[in-house]
Amino acid sequence: MEKTFDTVILANGDFPTHSLPLRILHEAPRVVCCDGAINAFPNADIVIGDGDSVPVEFRDRLIKVDEQEDNDLTKATRYCKAQGWHDIAYIGCTGKREDHTLGNISLLMRYFREMNINGTMFTDSGCFTPAQGEQTFDSMPGQQVSIFNFGSKTITSEGLKWNSYAYQELWQGTLNESLTSHFTIRADGFYMVFRTYLPK
């Protein structure tokens, strides 16, 4: 499930408690915080946002972006892309408010499709990975897997308990299960995969 990331973007949602996102955060080559997230991780290298939640002692690391068209997560992602950092681990993007959680998860697909970002979003129970076409995912027997369709007209799977198809509703691709150490998804478009850290 793990890969090498050149940057972590830490959002101001729930700070992680699971060992995997914590390790990724602490071992990252660099950490970019979204505005107030600097309060939870003072060792961050850069802070992106309008600065309204950044204490004065961290202002020397603040890159202020005042425009309100996009949220701080997108501002931080645009900054990373401009630096040539495309392999990004997103942490602290869920929790606190359900609307922010849903919005941030969907933004992961926007970054993948429109900005060429290879991002993975880590929560305390698993990770979200956007994908396109055919892709094989590392897994384990019993790992819980959910697939969310983002416009694909055909989706098939190999190595999952239940065959995948081009889901029309978000709930339809949830609660699947891996049978082996990997599984493969084949689609004619975009989709998002969620994998739990532990098997059922």
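Predicted model: local features only at pLDDT ≥ 70, side-chain atom pairs only at ≥ 80, totals over all residues.
Let me start in a loop: Lys 96 lies in the stretch between strand E5 and helix H3, where helices (H or I, at least four residues) and strands (E, at least two) are DSSP runs, numbered from the N terminus. Phi of Lys 96 is near 65°, a positive value in a residue other than glycine. Lys 96 is also exposed, with a relative accessible area of 58%; here exposed means over 50% relative accessible area, buried means under 20%, and partly exposed is in between, with a 1.4 Å probe and protein chains only.

Residues are numbered from 1 along each chain as its sequence is written, and side-chain values use heavy atoms, with hydrogens and water left out.

Now to the chain overall. The secondary structure comes to 3 helices and 13 strands. The radius of gyration of the chain is 17 Å, close to the 16 Å that the globule rule gives for 200 residues, so the chain is as compact as a globular protein of that length; this radius is taken over C-alpha atoms, and the rule is 2.2 Å times the number of residues to the power 0.38. Along its principal axes, the C-alpha trace spans about 55 × 30 × 30 Å. Of the 200 residues in the chain, 52% are buried. If we take contacts, meaning heavy atoms within 4.5 Å, between residues at least 6 apart in sequence, then 63% of them join residues at least 24 apart.

Turning to the sheets, what is the strand order in the open sheet of 10 strands? The order is E4-E3-E2-E1-E5-E6-E7-E13-E9-E11, and the pairing is mixed, where two strands pair if DSSP finds at least two bridges between them. The edge strands are E4 (62-64) and E11 (176-177), each of which pairs on one side only. As background, strands of a sheet pair through backbone hydrogen bonds, either parallel or antiparallel.

E1 and E2 pair in the parallel sense over 3 bridges, and the bridge partner of Ile 9 in E2 is Val 32. E2 is in turn joined to E3 by 3 bridges, and these strands run parallel, with Cys 34 standing opposite Ile 48 in E3. Strand E3 (residues 46-49) is joined to E4 by 3 bridges, also running parallel, and there Val 47 stands opposite Leu 62 in E4. Within E2, Val 31 and Cys 33 point one way while Val 32 and Cys 34 point the other way, and all are buried.

Where does Leu 10 lie? Leu 10 is found in strand E1, residues 7-10, and Leu 10 is buried, with a relative accessible area of 0%. Not counting residues up to four places away in sequence, Leu 10 touches Phe 15, Val 31, Val 32, Cys 33, Cys 34, Ala 37, Phe 41, Ile 91 and Gly 92. Leu 10 and Ala 76 are 66 residues apart in sequence, yet 9.2 Å apart in space, C-alpha to C-alpha.

Next, the helices. E1, H1 and E2 make a right-handed β-α-β unit; right-handed here means that, with the strands pointing away from the viewer, the path from the first strand over the helix to the second runs clockwise. Helix H1 (residues 19-27) lies across E1, E2, E5, E6 and E13, running at about 130° to E5, with axes being lines fitted to C-alpha atoms, for helices over the stretch in contact, and angles running from 0 to 180 degrees between N-to-C directions. Helix H3 (residues 98-115) lies across E5, E6, E7, E9 and E13, at about 35° to E7.

Finally, 3 strands form an open sheet in the order E8-E12-E10, with antiparallel pairing. Its edge strands are E8 (135-138) and E10 (155-158), each pairing on one side only. E10 is joined to strand E12 (residues 182-187) by 4 bridges, and the bridge partner of Ser 157 in E12 is Ile 185.
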